[in-house]
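Thank you all for coming. I would like to take a few minutes to walk through one model with you, and I will ask you to keep the structure in view while I talk.

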Amino acid sequence: MKVCFVSNYINHHQIPFSNALYERLGSDYCFVQTMPMEKERVAMGWEVDVKTLPYVRCLYEEEYECRKIIAESDAALFGWSGREDIAEERLRSGKLTFRVSERLYREGQWKAVSPRGLVAKYREHIRYRNQNVYLLCAGAYTASDFHLIGAYPGKMFRWGYFPETRIYSEERFASLKKEGPLQIVWAGRFIPLKHPEYVVKLGECLLKKGYDFRVHMLGSGEMEPEIREQVKRAGLAERFVFYGYKEPDKVRDVMERCHIHLFTSNYLEGWGAVVNEGMNSGCVEVVNAQVGAAPYLIRHGKNGLVYPDDSYSEMEALVLDLFEHWEERRQMGYAAYRTIAGEWNAEHAAAEFLRFAQRLADGQVVPAAEGPLSPAPAVSPGKMYGVMMRREI
């Protein structure tokens, strides 16, 4: 089977999946990059030398060859590419195609009533609802958005991002988390939607209660000077470590040493690949349920914890409970690791994708029972937290 993946540019969230497909398909797999990476992402340590990846072809350097590869592939995946003309050409061909998408309406599903927006959605999605095209939902809220506009009925499946997976022996895993102060990690851009200020407020609370802890903050952004100042004013300078932007491997090295991973982004976070990374590192996750990855990856109280509605107070309560009952709660970190190592990883996703695509080519729709390529339920954003608490997703 010949497979191509078309997206704006390849990055460390996509390379493991592409590597896994290339190992299985060799030259029958190609990643078509449609544009160079933005300077902001390069500054964050995301830059990739595409010349080192044998399966990457750049549309902006060899458009004819890339379009030929897309046309001749048995299965094509399309992420956001900025080249809808190429996606439309493939969709009109009737050949097996997968759309990979995060949410349509992050700022609210009320936007679905916009006539102008519906025209664009009809052109890109709705008119192909009965064609040989399927939706891979990179986030648990994606299916609800597409269901709202009547696109891909019965053809929406769970998907996500698959950063590098580290596999540990039992002995190595046990050695990662040292005794002593509980280590908390937060990683991301210092911007309003990611709420880095929540971490400072939490630090003040933990300090007042007399807990021994350290906070590791990885990343940078417009709010960093303000956050650093807040830390100083709160008397937390000796408890916080700021790293700036680090390469993905360095971020993972810090996560491995930490006990708790906070992910405080709000509903604007489409997926949140650092949740995968924190879980793979054996951290106990404390995550806003509005984040796209949370409902797919986390079973509350089993392999992590989620809180509702972007609520600082609910997040704080969960962290305080962890500190008060750490010995009883710490096993969630190992369960989180098993979730990623056993199911939500690039190797498993690639195998499931090829199995699923081959069955479709044979005229059968055979989804996975759970995990990647299992059916994506269309749960509205307002009901998702309740569904998670009842463990219905």
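Predicted model: local features only at pLDDT ≥ 70, side-chain atom pairs only at ≥ 80, totals over all residues.

Let me begin with strand 2, residues 29–33, where five of the five residues are buried. In a regular strand the side chains alternate between the two faces of the sheet. On strand 2, Y29, F31 and Q33 lie on one side, C30 and V32 lie on the other, and all of these are buried, which leaves both faces covered.

Which strands flank it? Strand 1, residues 3–7, runs parallel to strand 2 and is joined to it by five bridges, with F5 standing opposite F31. To get from strand 1 to strand 2 the chain passes through helix 1, residues 15–25, and this β-α-β crossover is right-handed. Strand 2 also pairs with strand 3, residues 56–58, again in the parallel sense and over three bridges, and there the bridge partner of F31 is V56. Strand 8, residues 182–187, pairs with strand 9 in the parallel sense over six bridges, and W186 has M217 as its bridge partner in strand 9. Together with helix 8, these two strands make a right-handed β-α-β unit. Strand 9 and strand 10 are likewise paired in the parallel sense, over four bridges, and V215 stands opposite F240 in strand 10. The chain crosses from strand 9 to strand 10 by way of helix 9, and this β-α-β crossover is right-handed.

That brings us to helix 9 itself. Which residues of helix 9 are buried? In this helix, residues 224–233, they are E224, I227, Q230 and V231. Viewed down the helix axis, the buried residues fall within an arc of 120 degrees, so they line one face of helix 9. An α-helix has 3.6 residues a turn, so residues three or four places apart point the same way. On the face turned away from the buried side, helix 9 carries the exposed residues P225, K232 and R233. Just after the helix, G235 takes a positive phi of about 70 degrees.

Finally, the aromatic side chains. The structure holds 31 aromatic pairs, and I will pick out one of them, F173 with Y337, which is tilted, with 5.2 Å from centre to centre and 35 degrees between the planes. Because F173 lies in helix 7, residues 170–176, and Y337 in helix 15, residues 331–342, the pair ties together parts that are 164 residues apart in sequence. Both F173 and Y337 are buried.

There are also charged side chains placed over rings. K155 lies over the face of Y134, at 5.2 Å from the ring centre, and R239 lies over the face of F213, at 4.9 Å from the ring centre.

I will stop there and take your questions.

Methods:
Residues numbered from 1 in each chain as written. Heavy atoms only, no water. Buried < 20%, exposed > 50% of the residue type's maximum accessible area, 1.4 Å probe, protein only. Pairing = 2+ DSSP bridges. Right-handed = clockwise from strand over helix to strand, strands pointing away. Arc of directions from axis to C-beta. Phe/Tyr/Trp six-rings, centres within 6.5 Å; stacked < 30°, edge-to-face > 60°. Lys NZ or Arg CZ within 6 Å of the ring centre and 35° of its normal.
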